[in-house]
There are 2 protein chains.
Amino acid sequence: MATRPLTKPRKQAAQERSRVTVDALIEATARILIRDGFDKASTNRIAGEAGVSIGSLYQYYPNKEALVVAVIERHNRDLMAVARAALTKAAAEPLEVGVRRLVAAAIAAHRLDPNLHRVLAEQVPRTGALEGVEAFNQENYRLFHAYLEGHREEVRDLDLDLATFVCVNTIEALTHAAVLHRPDILSDQAVGTLGDEASRLVLGYLR
Amino acid sequence: MATRPLTKPRKQAAQERSRVTVDALIEATARILIRDGFDKASTNRIAGEAGVSIGSLYQYYPNKEALVVAVIERHNRDLMAVARAALTKAAAEPLEVGVRRLVAAAIAAHRLDPNLHRVLAEQVPRTGALEGVEAFNQENYRLFHAYLEGHREEVRDLDLDLATFVCVNTIEALTHAAVLHRPDILSDQAVGTLGDEASRLVLGYLR
DNA sequence: TGATAATATGAGCGATAGCTCGTGTTCTAA
DNA sequence: TTAGAACACGAGCTATCGCTCATATTATCA
């Protein structure tokens, strides 16, 4: 059968020193992405930044894309941890409180590593193996959909799929835009206002 | 003084044949972006697709980026034409009708050339001269802000800047996400529903 | 302790990219 | 008609990129 280009790590690190190498590579990739941007992130430069030879890099990652995927996956793992925690708590709360919590979590998630978030959003092309990167959104969809199902009596008669689409994208867009273009809105005094507005928007729509 | 790398066309086309050349280049750039993606869009390939020599390409555009800028500007011009027309009409209408019109216009704008829109959104890195591409949004902001000012009595007491941020980004995000990830929502039967939902969302927020 | 597996190294290959420049062609206008 | 400007051409330079492979070093365990 046709073997499509790999994007997964080539080999599993078995000894401690190789785990250190792999870690240094991911760390270096993230640093270079943030500091220099995507197209300065050549494999040679990443290896150099990591203090690892180019040969070792290719022992663990088959190509540059795979390294970026690794960085993205790590970032998404962190984001989803925040989202999951919020959704778990919100499940047991009344809609008004829960939605506010979810919005706050979205803002917090976007603030985890805004510089990395920016470069991933603005510079990393959604091509090849990166096309499916929005897959992490799918878990978001699933979780929010379940959340709505659990609060059927508190919302109007809704097409849950459509409502999920609307809410998830709205919350994501507002926090995203704030992080990328309106840092003033995210200052510690102002961030509450953004949360208020987004919550109002979503709650007004759901009820 | 330090001259930063040009991004504007190098010379103005003076004769008819050169205007044809420039046009062919932009057209070819857009075609290749859509058909093959951003990183297959080398200057040599663009020149070939346009039926123009590589030397001629560099008579008019100093680098690849400038060509992409030209494509984006043409696309944005078309989008803004739709948006401006809608806002002009909406200005004289009651909020309920006007917002629906604006939402419909946003959807229509995104459907003008969805394939180009997708590649610009997903693959073209916001780097160098492309960083300021969101500037076209600024006109959108201004126009919508003015629209809200003209309907002060129909909305609740609002921070107009913040409300503009919320509404513009919300409408943009929903239409954008629909074009990129949910073509089903944009089918001719379903597109009305999206308009309904987005309008409801925004209206509920404004009043 | 020695054999073998795991890991690390980096010079350098082939490919392709962006772009220049010397030259040829067509238009304009006095 | 003709000189000079505008335009078109494309071979090929330089730089850099992703990546391989022959070799050296370190860890493991029988």
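Trainee: How much of chain A counts as buried?

Mentor: This is a predicted model. In it, 32% of the 207 residues of chain A count as buried.

Trainee: And how many helices and strands does chain A have?

Mentor: Nine helices and zero strands. Along the sequence the pattern reads α-α-α-α-α-α-α-α-α.

Trainee: What box do the C-alpha atoms of chain A fill?

Mentor: Roughly 60 × 45 × 30 Å, taken along the principal axes.

Trainee: What share of the contacts in chain A joins residues 24 or more positions apart?

Mentor: 69%, counting contacts with a separation of 6 or more.

Trainee: On to the inside. How many residues are in the largest nonpolar core?

Mentor: It has 64 residues. Those with the most contacts inside it are A:Leu102, A:Val103, A:Ile171, B:Leu102, B:Ile171 and B:Val202. In general, nonpolar side chains tend to be buried together in soluble globular proteins.

Trainee: Take A:Ile171. What is it in contact with, leaving aside neighbours within four places in sequence?

Mentor: A:Leu102, A:Val103, A:Ala106, A:Ala198 and A:Val202.

Trainee: Now the two chains. How many residues of each are in contact with the other?

Mentor: 25 residues of chain A are in contact with 24 of chain B. On the chain A side, helix H8 (160–181) and helix H9 (191–206) each supply at least two residues.

Trainee: Which element gives the largest share of that side?

Mentor: H8(A), with nine residues.

Trainee: And by class, what is on the side of chain A that touches chain B?

Mentor: 10 nonpolar, eight polar and seven charged residues.

Trainee: Which helices supply at least two residues each of the surface near it?

Mentor: From chain A, helix H2 (43–50) and helix H3 (54–60). From chain B, helix H1 (16–36) and helix H3 (54–60). H3(B) gives the largest share, four residues.

Trainee: How does that surface near DNA strand D split by class?

Mentor: Six nonpolar, 13 polar and four charged residues.

Key
Residues numbered from 1 in each chain as written. Chains lettered and ligands numbered in written order. Predicted model: local features only at pLDDT ≥ 70, side-chain atom pairs only at ≥ 80, totals over all residues. Nonpolar A, V, L, I, M, F, W, Y, C, P; charged D, E, K, R; others polar. Core = buried A, V, L, I, M, F, W, Y, C linked by C-beta atoms within 7 Å. Buried ≥ 20, exposed ≤ 12 C-beta atoms within 10 Å, placed from the backbone. Contact = placed C-beta atoms within 7 Å.
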